[in-house]
Amino acid sequence: MQVRAKKALGQHFLTDLSIARRIADTVEAYKGLPIIEVGPGMGVLTQYLLETGHDVTVVELDEESVDYLKINFPQLEGRIVFEDFLKLDLRKIVGDREFVVIGNYPYNISSQIFFKVLDYKDQVVCCSGMLQREVAQRLAAGPGSKTYGILSVLLQAWYDAEYLFTVDENVFNPPPKVKSGVIRFTRNQVQDLGCDAKLMRTVVKSSFGQRRKQLRNSVKPLVPKDSEVLQLPIMNMRPEQLSVEQFIELTNIIQSAREQ
């Protein structure tokens, strides 16, 4: 039995077992913690997670893949969740425990998956896996890079980012039109950003919504009309120039202006 790759689900099945093993090895340090694998497909990554003794639950939206996993991985009995990961309350799987997220992520929803991880940042101690190379590079990019963006800032506020390695197109069935990249995010020690985290998300999104403009133009709608803070030196900068710490500073400036 084989599973047909479905374009609507962004499925490209990895066929190189050595790469699957390398991806599984990225979470080797987290044995004992629950692992949620997103989109296991035919279990090419799942097999190595199970082989090394991880506590794995898989979340799969494709009914054909679910049937395949039930037949070929009886050890997953009771641990196959036939639901949309983006809509799933992950606490139904892990409760209040810390956990790890891993997967060969569907390219068409990879950014949404990482936004979901941020919603569980107090529990997700590591998020690892494979996605389109350009997206992976963007998530790991630092200030000053043309690829530095919204998720780069929001993820790196809470996680240490590592771009691990690139994967060529010819190790998938069907082959994607782009290269893939494997990335790992490890939770840092930050418990409080020192600003309103919800407002910071708004500030970051507003800033990169007009990334070619100076900040005074992109954040203008967030402060009172003719606010003096728009004349501060930081407002002369463009969003890709700001570090996470500077975005925190910017958020506090905007909050102060709104309160006044």
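The sulfur of Cys127 lies 7.1 Å from the closest cysteine sulfur, that of Cys126, which is too far for a bond. A disulfide is defined here as a pair of cysteine sulfur atoms within 2.5 Å. The structure holds zero disulfides. Cys127 counts as buried, at 1% relative accessibility. Cys126 is also buried, with a relative accessible area of 0%. Buried denotes under 20% relative accessible area, exposed over 50%, and partly exposed the range in between (1.4 Å probe, protein chains only). The model is predicted: local features need pLDDT of at least 70 and side-chain atom pairs count only at pLDDT 80 or more, while totals for chains, interfaces and linings use all residues. Residues are numbered from 1 along each chain as its sequence is written, and side-chain values use heavy atoms, with hydrogens and water left out.

Strand S6 spans residues 124–132. Helices (H or I, at least four residues) and strands (E, at least two) are DSSP runs, numbered from the N terminus. S6 pairs with strand S9 in the antiparallel sense over seven bridges. Two strands count as paired if DSSP finds at least two bridges between them. Within this pairing, Val182 of S9 is the bridge partner of Met130. Strand S7 (residues 159–167) also pairs with S9 in the antiparallel sense, over eight bridges. Here Tyr163 stands opposite Ile183 of S9. S9 covers residues 180–187, and seven of its eight residues are buried, so the strand is largely enclosed by the rest of the structure.

Glu60 sits in the loop between strand S3 (55–59) and helix H3 (63–72). At 5% relative accessibility, Glu60 counts as buried. A polar atom of its side chain lies 2.9 Å from the backbone nitrogen of Asp62. Beyond its neighbours within four places in sequence, Glu60 is in contact (heavy atoms within 4.5 Å) with several residues, including Gln11, Pro40, Ser65, Val81 and Phe82.

Helix H10 comprises 16 residues, 244–259. It reaches 23 Å from its first C-alpha to its last, close to the 22 Å expected at 1.5 Å a residue. The expected span is 1.5 Å times one less than the number of residues. Buried residues of H10 are Val244, Phe247, Ile248, Leu250, Thr251, Ile253, Ile254 and Ala257. An α-helix has 3.6 residues a turn, so residues three or four places apart point the same way. The buried residues of H10 pack against helices H7 (150–156), H8 (197–209) and H9 (215–218).

Notes:
A polar contact is a pair of N or O atoms within 3.5 Å; within protein, one must be able to donate a hydrogen and the other to accept it, and residues adjacent in sequence count only if both atoms are side-chain atoms.
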